[in-house]
Amino acid sequence: MNVGVELGERSYDVVLADGAREQLAELIAARASRARVALIVTTPTIAAQPWFQMTSGIEQHVLTVPDGEVAKSLDVLEGLLEEVAKFELSRHDVLVGVGGGALTDLVGFAAATYLRGIALVQIPTSLVGQVDAAIGGKTGVNLRSGKNLVGAFHQPIGVLCDFETIATLPERERVGGLGEVAKCWLLEGGFAAELNDVSLHDLIVMSVTLKAAIVSADEHEGGRRALLNYGHTLAHALEKVALARDGDELRHGEAVAIGLAFAVRLAEALGRVDNSEVVRHDEVLDFFGLNRRVPEDFRTSSLLEAMAHDKKAHHDLTFVLAGAEGFETVSGVDPQLVGDVLERFRGEQ
Ligand SMILES: NC(=O)c1ccc[n+]([C@@H]2O[C@H](COP(=O)([O-])OP(=O)(O)OC[C@H]3O[C@@H](n4cnc5c(N)ncnc54)[C@H](O)[C@@H]3O)[C@@H](O)[C@H]2O)c1
Ligand SMILES: [Zn+2]
């Protein structure tokens with residue numbers, strides 16, 4: 001099945017299917033017909049998977065960069081761009097990113113910046129990549145000062161979400177990815193009881209459809225796109241505190257799950273929703289096997305401090321919250337109340 005991201009001349013399809021990766025040559029022929037070379041960028045872990053064989057239909061080379069979040073650095077970007085330059089790619093040629101969200105963010109940014117922008121195909125292979133990172137054109141790398149501080153909007157010419165690739169995903173990455181899926185299910189008003197009849201593939205399609213619709217309406221996060229940050233205010237704070245402790249004990253989706261459970265309690269404390277909404281959230285998170293507990297050794301004061309300095313918060317406590325009119329971004333939430341609700345939430349556990 002194909003889901004369209006509608007952005008005028010820059011519109012593209014997200015192909016969701018078993019074997020979607022096999023459509024690479026067709027996609028390049030249709031959308032980058034003057035391409036002479038395709039550089040396929042991946043990581044050693046991905047290149048070793050049994051399903052890894054890519055056919056672009058034109059001259060192609062496979063380049064590898066390190067696996068995981070460490071690849072999202074200016075150093076790795078520079079090395080990759082130097083490699084790209086060796087192949088003397090022109091504006092008509094194509095970069096193809098094959099891997100998790102860290103890899104597609106890096107390759108997307110390389111494509112955004114090389115020759116001020118060349119064609120890009122994303123083949124996300126993790127759940128986070130398929131439902132979130134590879135769609136919508138946000139690309140970038142980290143600085144030592146923080147995650148995703150350098151980046152660009154650069155839309156791909158197509159995204160191939162191949163369900164066969166996620167079969168080899170480690171269990172923890174799969175569960176973590178379900179944090180973003182749960183976010184979409186909750187934003188769509190879904191209940192846990194309805195999940196019994198829904199396959200993982202259906203959930204990926206649901207999440208991609210929601211993200212594609214939001215990006216089509218608001219490419220640069222002026223309004224509606226911010227809804228995709230549901231659960232992310234506390235999640236980013238948890239990740240920031242985890243990073244400062246040099247620990248990697250929290251995956252992004254795991255942090256989002258905790259952030260979702262907290263955000264609905266904050267909405268309840270603000271009188272925006274009643275307890276049934278809290279129950280709906282908890283049941284959905286439980287269904288997916290997601291932990292909602294704030295790790296004990298994270299201090300409430302550190303989390304509050306990190307939330308106030310979220311790069312999207314403009315030094316104000318900003319949350320996406322449920323309410324009578326649906327979900328919306330709420331700024332200027334009283335820090336005292338946030339602290340109290342967070343303490344009470346932790347006390348429940
Ligand atoms: N650009 C965006 O809009 C956006 C949105 C969400 C997340 N992100 C970014 O995405 C990153 C997180 O992505 P992630 O969770 O995919 O992490 P990741 O890219 O680090 O991948 C997680 C691990 O899974 C492995 N892996 C991926 N696919 C596999 C497969 N099919 N089989 C076996 N192993 C596989 C990877 O090699 C890696 O070790 C973060 O850097 C985050 O900032 C970006
Ligand atoms: Zn996220």
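Three side chains hold the zinc ion (ligand 2) in this predicted model: Glu180 through OE, and His232 and His252 through NE2, at 1.9 to 2.2 Å. Along the chain, these donors follow the spacing E-x51-H-x19-H. Glutamate 180 belongs to helix H6 (residues 171–187) and histidine 252 to helix H9 (residues 252–269), so this pair ties together parts that are 72 residues apart in sequence.

**Around the zinc donors**
- Is glutamate 180 buried or exposed? Glutamate 180 is buried, and its relative accessible area is 1%.

- Domain 1 brings 24 residues to the contact, and domain 2 brings 24 residues.

**Where the domains meet**
- About 2200 Å² is buried between domain 1 and domain 2, with carbon and sulfur atoms giving 67% of that area.
- On the polar side, you will find 6 residue pairs in polar contact between domain 1 and domain 2, counting pairs with both residues at pLDDT 80 or more.
- The interface of domain 1 and domain 2 also has 3 salt bridges.
- Arginine 10 and glutamate 219 form a salt bridge, with their closest N and O atoms 2.8 Å apart.
- On the side of domain 1 that touches domain 2, at least two residues each come from strand S1 (2–5), strand S2 (12–17), helix H5 (127–133) and strand S8 (146–153).
- Which element gives the most to that side of domain 1? H5 does, with 5 residues.

Technical notes: Residues are numbered from 1 along each chain as its sequence is written. Chains are lettered from A and ligands numbered from 1 in the order in which they are written. This is a predicted model: local features need pLDDT of at least 70, side-chain atom pairs count only at pLDDT 80 or more; totals for chains, interfaces and linings use all residues. Side-chain values use heavy atoms; hydrogens and water are left out. Donors are N, O and S atoms within 2.8 Å of the metal (3.2 Å for Na, K and Ca); water is not among the atoms, so sites may look incomplete. Helices (H or I, at least four residues) and strands (E, at least two) are DSSP runs, numbered from the N terminus. Buried means under 20% relative accessible area, exposed over 50%, partly exposed in between (1.4 Å probe, protein chains only). Contact means heavy atoms within 4.5 Å. Buried area is the accessible area (1.4 Å probe) that two parts lose on being put together, summed over both. A salt bridge is a side-chain nitrogen of Lys or Arg within 4 Å of a carboxyl oxygen of Asp or Glu. A polar contact is a pair of N or O atoms within 3.5 Å; within protein, one must be able to donate a hydrogen and the other to accept it, and residues adjacent in sequence count only if both atoms are side-chain atoms.
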